[in-house]
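Student: I have a structure open and would like to learn how to read it. Could you take me through it step by step?

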Amino acid sequence: MSTRKEDLPGYDVIIVGGGPAGLSAALILGRCRRRVLVCDSGRYRNHAAHEMHGFLSRDGIAPSELRRIGREQLQPYGVEIREVTVAEVRREDRRFELTLEGGERLVCRKLLLATGLVDRLPDLPGLAAMYGKSVHHCPYCEGWEVRDQPIGVYGQGCTGISLAVNMKTWSDDVVLFTDGPAGIQKAEAQRLERHGVGVREARIARLEGRDGMLERVVFEDGSAVERRALFLKTTLEQGSDLARKLRCKVTDARGVETADKHEETTCEGVFVAGDASKDVLLAIMAAAEGADAAFGINCALQEEDLA
Ligand SMILES: Cc1cc2nc3c(=O)[nH]c(=O)nc-3n(C[C@H](O)[C@H](O)[C@H](O)COP(=O)(O)OP(=O)(O)OC[C@H]3O[C@@H](n4cnc5c(N)ncnc54)[C@H](O)[C@@H]3O)c2cc1C
C-alpha cells in the first residue's frame, strides 16, 4: 500500500548537505526550535585535503574534524542527520517532497541546498594522486604552506597568467606551464616578465614525485623542471542537480543564483548556501552563508506562522 502524502514524515526544514554550510544552518535552525533534517551523501568537496586553513579558531585542523565538531554541537538541539542521498525533489503546493535514494519520501516546508561543488581535474598523468597534497587550486588555502618554495602554475589563457602572477604573493620562484603553445600576447608576456614569472610552453608528459609530493614536471621531450607545488584552476560542477530540478536559476559563472535576501534562490522557499552559490569558495564563507540562510528561513516561517 503506498503512503498517502499527508502521512509522509514532515520537517520544517530539510537541509541537503552536511558540509560547513549545511551544519552551520542546522545549528541556527535547531536553536530556533525548528524540526530539521540534514541529509548528507558523504561527498565533501575537500575530501582530498588533510588540513583546512583560514577558518578562524580552526586553522589547520582536518576537514573531517570540523564536521565531527559541527555534528556534535547539533546534538542538544534535536537536529536529525541521515547519511543518505536525496535523489529527487519537487514542489507540492506550499511544501517540498523529497525522495531519498532507496525510495523513501519526506516533506518539508523550506528547503536548503548546501550541496557544494565538485572539482574536475585536468587529465595529467600523476596529478590526481597529488591533488590536495602538493597540487592545489586555492592559494588562500595552501599558499602559506608552500611560501618561498619553487611553485608551478598549470593553466592556459588569462586564467593561467593571472594565477601565475598572483602566486608571486607567496613565492618569488613561479613558473607558468601552459602544456602546449599558449599564444601569449605581447602585453601579457611583458607582465609575466615584469614580475619574474617564467613560462614553459612544452607539452607535459607527467608529474613526478613521491607520496603525493610533487618533485618535478616532466615534458614530452624528456626535460624536466623541479617544483614543490603546482597550482591550477579546476573545472567546477554543481554537487547535485536538485536546484535545476526545481527550476532555480543556475549559471556556470554564479552557480545557484540567489535573489536579494538571505540566500533565497529564484524559487520561493528554496535557499542555497556554501560553494553551490559560488561566492568566495572558502569553508568559513560557506558556514556564514549557512547561518544567513538559516536566518532567512526562520524569518519566512515566522511570517507564515505568526502573522
Ligand atoms: C582540496 C581542497 C582543499 C580545500 N582547502 C580549504 C581550506 O584549507 N580552507 C577553506 O576555507 N576552504 C578549503 N577548501 C574549500 C572548502 O572545501 C569549501 O569551500 C567548503 O567545503 C564548502 O562547503 P559546503 O558546505 O558548501 O560544501 P561541501 O563541504 O562540499 O559539502 C557538500 C555537501 O552536500 C552533500 N550533497 C551533495 N548532493 C547531495 C544529495 N543529492 N543528497 C545528499 N547530500 C548531498 C555532500 O555529501 C556534502 O555533505 C578546499 C577545497 C578543496 C577541493
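Student: By class, how many nonpolar, polar and charged residues does the shell around the ligand have?

Tutor: Let's start with how things are sorted: Ala, Val, Leu, Ile, Met, Phe, Trp, Tyr, Cys and Pro count as nonpolar, Asp, Glu, Lys and Arg as charged, and the others, Gly among them, as polar. Here the shell has 17 nonpolar, 14 polar and five charged residues. Keep in mind that this is a predicted model, where local features need pLDDT of at least 70 and side-chain atom pairs count only at pLDDT 80 or more, while totals for chains, interfaces and linings use all residues. Residues are numbered from 1 along each chain as its sequence is written, and side-chain values use heavy atoms, with hydrogens and water left out.

Student: Which residues come nearest to the ligand?

Tutor: A residue is near a molecule if one of its heavy atoms lies within 4 Å of it. Of the 36 residues around the ligand, the nearest are Asp-40, Ser-41, Arg-43, His-53 and Ala-283.

Student: Now the strands: how many bridges join β1 to β2?

Tutor: In general, strands of a sheet pair through backbone hydrogen bonds, either parallel or antiparallel. Strands are DSSP runs of E with at least two residues, helices are runs of H or I with at least four, and both are numbered from the N terminus. Two strands pair if DSSP finds at least two bridges between them. Strand β1 (residues 10-16) runs parallel to β2, and four bridges join them. Within that pairing, Val-16 has Cys-39 as its bridge partner. The chain goes from β1 through helix α1 (residues 20-31) to β2 in a right-handed β-α-β crossover; right-handed means that, with the strands pointing away from the viewer, the path from the first strand over the helix to the second runs clockwise.

Student: Are the residues of β2 buried or exposed?

Tutor: Buried means under 20% relative accessible area, exposed over 50%, and partly exposed in between (1.4 Å probe, protein chains only). In β2 (residues 36-39), Val-36 and Val-38 point one way, Leu-37 and Cys-39 the other, and all are buried. Strand β1 is mostly covered too, with six of its seven residues buried.

Student: Which strands stand at the edges of the five-strand sheet?

Tutor: That open sheet has the order β8-β15-β9-β10-β11, with parallel pairing. β8 (135-136) and β11 (198-200) are at the edges, each with a single partner strand, so one side of each has no neighbour in the sheet.
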